[in-house]
Amino acid sequence: MDAQPNTSVKLAEFLLKIKAVKLQPNQPFQWSSGWNSPIYCDNRVTLSYPNVRNFIKNEMAAAIKREFPEANALCGVATAGIAIGGLVADALDMPYSYCRPKPKAHGMKNQLEGRLDKNSKVLLVEDLISTGGSSLKVVEYLRENGYQVVGLISIFTYSFQLADDNFKQANCKHFSLGGYNDLLTQAMSDGIITESDLPTLNEWRKDPTTWGN
């Protein structure tokens, strides 16, 4: 689901200013998946800046009330969604837990950490949506174990059609505070990229699996 325009633009401004997002169309990054990418987003950097962290917390809390009013418990997606999920759960005074895409390999070998009532209407909290794959593993695990998942909210999305298709197939509503288009617009305004970079950046989003190969 599309972000609120004003929130998305302000978020883009913050992420670029603190260098949580880096754009390098001519020197691509390589993701752990092996994909080449002209962008790298690390929302964990936002935790080090109280004004940015509080902006995200407050906007996410407001978005949850607006987009997922039925939610009565939050669950962070490990690992990057854990911190922001905890902050938002505290702001909304909601029960909180977190869940991994796969179980721990040691100790109790837990996948879900914390206590989550089976009657809860659970909203997942994530930092970033690329394809949605790891987030949807958590959705699948919770549903298979009898929990009702009402959707997922994230800080930022790369706005891949593949992600939208994956969430639709899983029948899982998702919402992000910020998106790729507003980020590019802000990066242009800040002089981080030029108009000549836009075709490359737009081509990547159309087919990230083969871009740069």
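Let's start with a helix contact. In helix α2, Arg53, Ile56, Lys57, Met60, Ala61, Ile64 and Lys65 meet Ile84, Leu87, Val88, Ala91 and Leu92 of α3. Contact here means heavy atoms within 4.5 Å. By class, that contact holds nine nonpolar residues, three charged and no polar. Nonpolar covers Ala, Val, Leu, Ile, Met, Phe, Trp, Tyr, Cys and Pro; charged covers Asp, Glu, Lys and Arg; the others, Gly among them, are polar.

A word on the source. This is a predicted model, where local features need pLDDT of at least 70 and side-chain atom pairs count only at pLDDT 80 or more, while totals for chains, interfaces and linings use all residues. Residues are numbered from 1 along each chain as its sequence is written, and side-chain values use heavy atoms, with hydrogens and water left out. Helices (H or I, at least four residues) and strands (E, at least two) are DSSP runs, numbered from the N terminus.

Back to the pair. α2 spans residues 50-67 and α3 spans residues 81-92; their axes come within 9 Å and cross at roughly 60°. Axes are lines fitted to C-alpha atoms, for helices over the stretch in contact, and angles run from 0 to 180 degrees between N-to-C directions. The two helices are therefore oblique to each other. For these words, under 35 degrees is roughly parallel, over 145 roughly antiparallel, 65 to 115 roughly perpendicular, and the rest oblique. The crossing of α2 and α3 is right-handed.

Now the sheet. It is open, has six strands in the order β7-β6-β5-β8-β9-β10, and its pairing is mixed. Two strands pair if DSSP finds at least two bridges between them. Which strands stand at the edges? They are β7 (112-113) and β10 (174-179); each has a single partner strand, so one side of each is left without a neighbour in the sheet.

Take β5. Five of its five residues are buried, meaning under 20% relative accessible area; exposed is over 50%, and partly exposed lies in between (1.4 Å probe, protein chains only). Ala73, Cys75 and Val77 sit on one side, Leu74 and Gly76 on the other. β5 runs parallel to β8, with four bridges. There, glycine 76 stands opposite valine 125. β5 also pairs with β6 in the parallel sense, over four bridges. Valine 77 has cysteine 99 of β6 as its bridge partner.

On to β9, residues 148-157. Five bridges join β9 to β10, and the two run parallel. Threonine 157 partners glycine 179 in β10. Helix α1 (residues 5-17) lies across β9 and β10, at about 55° to β10.

Last, some loop details. Where is the cis peptide bond? It joins alanine 78 and threonine 79, with omega about 0°. Threonine 79 is in the loop between β5 and α3. Aspartate 93, in the loop between α3 and β6, has a positive phi near 55°. At 72% relative accessibility, aspartate 93 counts as exposed. Serine 159 has a positive phi near 65°, and at 27% relative accessibility serine 159 counts as partly exposed.

Conventions. Left-handed = near helix turned anticlockwise from the far one by under 90°.
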